Amino acid sequence: MAQAFILHDQQFQRMKSVIGRLCVECAARAVFLVDRDGQTIAVHGEIGDMDMTSFASLAAGNVAATHSMAKLIGENAFPSVVHEGERESIFISVIGRSLLVVVFDERSTLGLVKIRAKKASYEVASILDDAANDSKAFSIAQDSVFADISDDDIDSLFA
Amino acid sequence: MTFINYASREINCKIVYYGPGLCGKTTNLQHIYDSTAQEAKGKLISLATETDRTLFFDFMPLELGTVRGFKTRFHLYTVPGQVYYDASRKLILKGVDGVVFVADSQEERMDANIESLYNLEENLQTQGYDLMKLPYVLQLNKRDLPNVIPMEDLAYELRKKDEPVFEAVASTGTGVFDTLKGVAKQVLTELRKS
């Protein structure tokens, strides 16, 4: 199995702070950080009863599909994807293995979102690099939490 | 890729159901969805054609419970089985932690099973995975139909390594949770080795 991606508390808090600031600065409804496999990493904003898990997997599928379309027309990648609706819009910026997703409405503009998201993306990239480096150096097996998982523990999940 | 969030104490894993067209991948997910308590599951998302054939993927998140203080979340995906959706299949395999190959037990679908299994190996390779090293189970589905190949013969043809083999009738739920448990167990066991 591929190396797991591990996010520690300090990196998670830094990430939440960056996306929280971005959400305010660009007057967005919500900001998500999602990995390219569709797992939600961090969220900030007006979530309400939005199904975040489904949203994250669909955002990842969306970017994966447009990335492949880019290749087919000779582009290396589309660094961002925009969907503009009548009231709600979505801006997705690809940052390495992650996606910065901004959901915004008429309180903001695409131009503002793009500028602020670009600025935040450097900080996000730096935190993700730290997490990726830590993940490589960190052996889960050293952590007794995982090394001690027994067959009984696993069986109990299906009891 | 397994995502472990120490801050929220969560383990997130991705499992993909693979197999030829109409073998019952979506039916597996549908049964898991229908049989799971509301609080343990999210929505079942199906990106399907007008005739209910999977176009891109089906997806459902499933929370199984807590292991050593960590919530375990499995994201279950299916791929479109039809041959011409190969580009979509490749995308869905990205970041996979475990694979269920759903084989159609009917005699006339044997060639389709073999072709799909070959396609799985090839697509995994292009994503940098080796089927021989990945958590993997084989499900022999549609065992209730009259024209099925005997289990031993089918397993002999389709087994790639020492993976667990499960007989199933996904439409009634037989074998569906055993299959899921088989792959989930391997994925969690892999965490010890990481």
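Modeller: In this predicted model, α1(A) and helix α3 (residues 110–137) of chain A pack at an angle of about 175°, with their axes 10 Å apart; axes here are lines fitted to C-alpha atoms, for helices over the stretch in contact, and angles run from 0 to 180 degrees between N-to-C directions. That angle makes α1(A) roughly antiparallel to α3(A), because angles over 145 degrees count as roughly antiparallel, under 35 as roughly parallel, 65 to 115 as roughly perpendicular and the rest as oblique. Helices (H or I, at least four residues) and strands (E, at least two) are DSSP runs, numbered from the N terminus.

From α1(A), the residues A:Q11, A:R14, A:M15, A:V18, A:L22 and A:E25 meet a set in α3(A) that includes A:R116, A:A120, A:V124, A:I127 and A:D130, where contact requires C-beta atoms, placed from the backbone, to lie within 7 Å. By class, the residues of this contact are 8 nonpolar, 1 polar and 5 charged, with Ala, Val, Leu, Ile, Met, Phe, Trp, Tyr, Cys and Pro taken as nonpolar, Asp, Glu, Lys and Arg as charged, and the others, Gly among them, as polar.

The helix α1 (9–25) also supplies at least two residues of the side of chain A that touches chain B, as do β1 (5–7), α2 (52–72), α4 (144–147) and α5 (151–157). Across that interface, 36 residues of chain A are in contact with 40 residues of chain B, and the largest share of the chain A side, 8 residues, comes from α2(A). Within α2(A), several residues are buried, among them A:F55, A:A59, A:G61 and A:V63; a residue is buried if 20 or more other C-beta atoms lie within 10 Å of its own, exposed if 12 or fewer, and partly exposed in between, with C-beta atoms placed from the backbone. The strand β1(A) is joined by 3 bridges to strand β1 (residues 3–5) of chain B, and the two run parallel, two strands being paired if DSSP finds at least two bridges between them.

Residues are numbered from 1 along each chain as its sequence is written, while chains are lettered from A and ligands numbered from 1 in the order in which they are written. For this predicted model, local features need pLDDT of at least 70 and side-chain atom pairs count only at pLDDT 80 or more, whereas totals for chains, interfaces and linings use all residues.

Definitions and conventions. Contact = placed C-beta atoms within 7 Å.
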